[in-house]
Amino acid sequence: MGRYVVRRLLQMVPVFVGSTLLIFLMVNVMGDPVAGLCGERACDPATAAQLKREFGLDKPVWQQYLTYMGHLFTGDFGTAFNGQKVTELMGTAFPVTIRLTVVAILFEIVIGITLGVVTGLKRGRPVDTTVLLLTLVVISVPTFVTGLLLQLLLGVKWAWTRPSVSPDAPFGELIVPGLVLASVSLAYVTRLTRTSIAENKRADYVRTAVAKGLPRRRVITRHLLRNSLIPVVTFIGTDIGALMGGAIVTERIFNIHGVGYQLYQGILRQNTQTVVGFVTVLVLVFLVANLLVDLLYAVLDPRIRYA
Amino acid sequence: MPEQQPYEAGRAVAGTGMGGAMDLAASEATTLERAPGGPEGPGPGGFGPQGVGPAGRPRSLWSDAWRDLRRNPVFLLSALVILFLVFISLRPSAIASGNPLACDLAKAQDGSAPGHPFGYDGQGCDVFTRTVYGARTSVTVGVLATLGVSVFGSVLGGLAGYFGGLWDAVLSRITDVFFAIPVVLGGLVLLSVVTSNTVWPVIGFMVLLGWPQISRIARGSVITARQNDYVQAARALGASDARILLRHIAPNAVAPVIVVSTIALGTYIALEATLSYLGVGLKPPSVSWGIDISAASPYIRNAPHALLWPSGALAVTVLAFIMLGDAVRDALDPKLR
Amino acid sequence: MLLDVRDLHVEFHTRDGVAHAVNGVGYAVDAGQTLAVLGESGSGKSVTAQAVMGILDTPPGRITRGRILFRGRDLLTLKGEERRRIRGAGMAMIFQDALSALNPVMTVGDQLGEMFVVHRGASRRDARARAVELMERVRIPAAAQRVRDYPHQFSGGMRQRIMIAMALALEPALIIADEPTTALDVTVQAQVMDLLADLRREYRMGLILITHDLGVVADVADRIAVMYAGRIVETAPVHDLYKAPAHPYTRGLLDSIPRLGHKGRQLYAIKGLPPNLTHIPPGCSFHPRCPLARDVCRTEEPPLYEVSGERGSACHFWRECLDGLGH
């Protein structure tokens, strides 16, 4: 196991370098990093050149990347052009997005798995067809439409919730945004659980469990669920990274000042250091979540042995 | 790497970082990778000689699937919706006589009026006309992005799966890199600096970030197909690589790619709208549902119709493609019958 | 009589129509007796067994007619909960492929112990101890350590022993073994079969042995029932049947066994394919493949004729068959 972890960590290095480099290139090469500094007008050439020297932007890109990564590993994510430290921005943004992600994951687990189990056991019945159709609709309606509609209905028309979230973003205010963020994944968890249950329901070991004279409840919980939920758990695990990175739309709709908000601002203002810094952390979260999921997989399924 | 390949393969696909719809299209399709071997799903108890219909006529995977699809109302309905969408993309003036760019601020946010069933948006443009014309953008982006992604992804993935070795290892790492970047985020970064206001940058971006998904599917199904006995036999008889790939492997490996591509088409349409909503996809004066939804969201209180009509059109379009893909997958996957 | 199945009919609703898997099967097993049920795949032998155990998938399966008397009670009239209590405790089943029949993510100890927890209300510790005991009983070496292992960590033969142990756990009166050795290596098959026979004697259980392998049957079984297209076509004491089959299908099966001393002679094969269960031929369902078939076979379904006190054959021409015609 130990050797496997080490090897996986080593494999993560090229992926990490590759994806951060990709983002770094996108931000630096395609955009003009000093363009956003002189307000609405374009900078005059002299000022631009001076600014570039100041930030080391006159050097070749690969050198900039190395310098940046070097700083990064000493915990220095650089400063945004407005002088605020990127780590400070992170300190306020990440807790908010993590809370939002936690709410979303809870929705996926509680609602998604429950619906999946029910439909998987009742395949072909009206409940199954209805839920299946519903999941298709949820998947088809883009998150920003779902978000705007829920905001319109719950926040404006019926006034059950506040249409936008206050800067502190306590858990209570994140319930609707969390549901919106989770919506598509939630539908997938339902479908994945359903498929998995329906497939395993016909498995030989389930038949054995019935032949052993176990009560139906025990057959389902001890034998069917334990096996069927393995792919679901791993899906939810890998979804953590995707949710945090995908929170941009949700955070924009509900005006949540989290990671997505900061990234959006950073991109609009072509704020290189902010964007690269945040993306780097998101990529790390994604990679670590994937590694943990792989290890969790070995725990859940004893047939998998990592060497 | 774990010892048991099949489990790892299933997991790896489920674990794509693309976020949203693309993940599960892929993970649900993994069951398909076993399908091309032929309809071998044993019926209850395994009756009679398998793979032979009641009339004793051997059935192929495709004719079997087509027989299923023709009788599937979900398939027929979604195919009908898609045909209609393609039609109004080609000839929007056939059902909407107005000009989508002709707006009258005096009528801003007005409700429906004779000849203007969907009412007016915040700029006083006719919502019906704009919704009809918006279909063209969505269908164009969806179809072209899917074509690009499928061709690019299946060629790269198929070759990697067939030849294996270093090429495969390098490609796998490259796909890992792309999977690690959240898709909306990548779109924001890349497209925020593009000034061209055509569909091409959006399509290019989708191909750039979408191909790894198809490449992974294609790689998996080529590896499965490669292990089939008839491929081994063809190789033993001295067939060339090109011939084996085109004649023996491609027809058997293409089913999962088609299914995932159809479902992905819907998600690309949604993605275009999302990017346009965020202000980096298409920009006015282009006509796109994403732009209209974005423009209508500040007036959500007073003129919800300006938001609801394009949203509804978008949802129905995406739904049609996803349902089509779903129906095709069910028809091609004998295991879940 | 321990188990008495009468006129059992089972059908499956499939996309291609209604498949008639079992069409009027009847057989009986007494305590301490071994009945071998012989037939090709699709002959309905496993479906009958599943119906007896009460583990038939319904839908698509449906029992349309018949009675299953177990110790005099008709199982088909029992409530679900009563039926469940009989499973595992009164009768148990051994499946063909132990690797897929055992839960991959549960230790064998937990799977064995579960029987005592559920049916006897044993504590976890107690159940664990009983599991070790059972594993020793089926001669698994180092049982005390291996009780914590998962099914995939055992060899095929050892896994099948665990299946047998699980069936024996509550000392049921009847065991149904569905091709218990088919998935095993030839060398291991004999060991597992011997073990099963020994244990059956020790516990005086009734045993239904489902197989398509005539070689296995001869040593173990008391009686044989041969099935074809969901019917019993011949039933007889083992030795009578081997000596002189009274049905052309049985004769075909016997003739297709390769034997020493027949070197150079062409091996016999029954011509044709087993029937499609959605379209079973009218009359005698075996007639399209039968060397003895005449006009009457195409129109009239043969009843199970009484050949002697202990034998039956569903062939209009069982006398000719007994006399050795139709080779």
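Predicted model: local features only at pLDDT ≥ 70, side-chain atom pairs only at ≥ 80, totals over all residues.

Reader: Let us begin with chain C. How many helices and strands does the secondary structure of chain C have?

Author: Chain C comprises 13 helices and twelve strands. Its radius of gyration is 21 Å, close to the 20 Å that the globule rule gives for 327 residues, so chain C is as compact as a globular protein of that length. Along the principal axes, the C-alpha atoms of chain C fill a box of roughly 65 × 50 × 40 Å.

Reader: In what order do the strands of the open sheet in chain C lie?

Author: The general idea comes first: strands of a sheet pair through backbone hydrogen bonds, and the pairing is either parallel or antiparallel. In chain C, four strands form an open sheet in the order S2-S1-S4-S5, with antiparallel pairing. Strand S2 (17–29) and strand S5 (73–74) of chain C stand at the edges with a single partner strand each, so one side of each has no neighbour in the sheet.

Reader: How many bridges join S4(C) to S5(C)?

Author: Two bridges join strand S4 (residues 61–70) of chain C to S5(C), and these strands run antiparallel. Within S5(C), Asp74(C) is the bridge partner of Leu69(C).

Reader: Which helix lies across S1(C), S2(C) and S4(C)?

Author: That is helix H1 (residues 45–53) of chain C, which runs at about 110 degrees to strand S1 (3–14) of chain C.

Reader: Which strands of chain C form a hairpin with two residues between them?

Author: The hairpin is formed by S11(C) and S12(C). Strand S11 (residues 305–308) and strand S12 (residues 311–313) of chain C run antiparallel and are joined by three bridges. In S12(C), Ser313(C) is the bridge partner of Tyr305(C).

Reader: I now turn to helices. At what angle do the axes of H4(A) and H12(A) cross?

Author: In general, two packed helices are described by the angle between their axes and the distance between the axes. The axes of helix H4 (residues 86–121) and helix H12 (residues 272–300) of chain A cross at roughly 50 degrees and come within 10 Å. H4(A) and H12(A) are therefore oblique to each other, and the crossing is right-handed.

Reader: Which residues meet where H4(A) and H12(A) are in contact?

Author: From H4(A), Val86(A), Leu89(A) and Met90(A) meet Gln273(A), Thr274(A), Gly277(A) and Val281(A) of H12(A). By class, the residues of this contact are four nonpolar, three polar and no charged.

Reader: How far apart are the axes of H4(B) and H12(B)?

Author: The axes of helix H4 (residues 73–90) and helix H12 (residues 304–332) of chain B are 8 Å apart, and the helices pack at an angle of about 135 degrees. H4(B) and H12(B) are therefore oblique to each other, and H4(B) passes H12(B) in a left-handed crossing. The residues of their contact divide into twelve nonpolar, two polar and no charged.

Reader: Finally, how many residues does the contact take from chain A and from chain B?

Author: The contact takes 55 residues from chain A and 48 residues from chain B. Among the elements that give two or more residues to the side of chain A that touches chain B are helix H1 (2–30), helix H7 (175–201) and helix H9 (216–245) of chain A. That side of chain A has 40 nonpolar, eleven polar and four charged residues.

Technical notes. Residues numbered from 1 in each chain as written. Chains lettered and ligands numbered in written order. Axes fitted to C-alpha atoms, helices over the stretch in contact; angles between N-to-C directions. Parallel < 35°, antiparallel > 145°, perpendicular 65-115°, else oblique. Left-handed = near helix turned anticlockwise from the far one by under 90°. Contact = placed C-beta atoms within 7 Å. Nonpolar A, V, L, I, M, F, W, Y, C, P; charged D, E, K, R; others polar. Pairing = 2+ DSSP bridges. Rg over C-alpha atoms; globule rule 2.2 N^0.38 Å.
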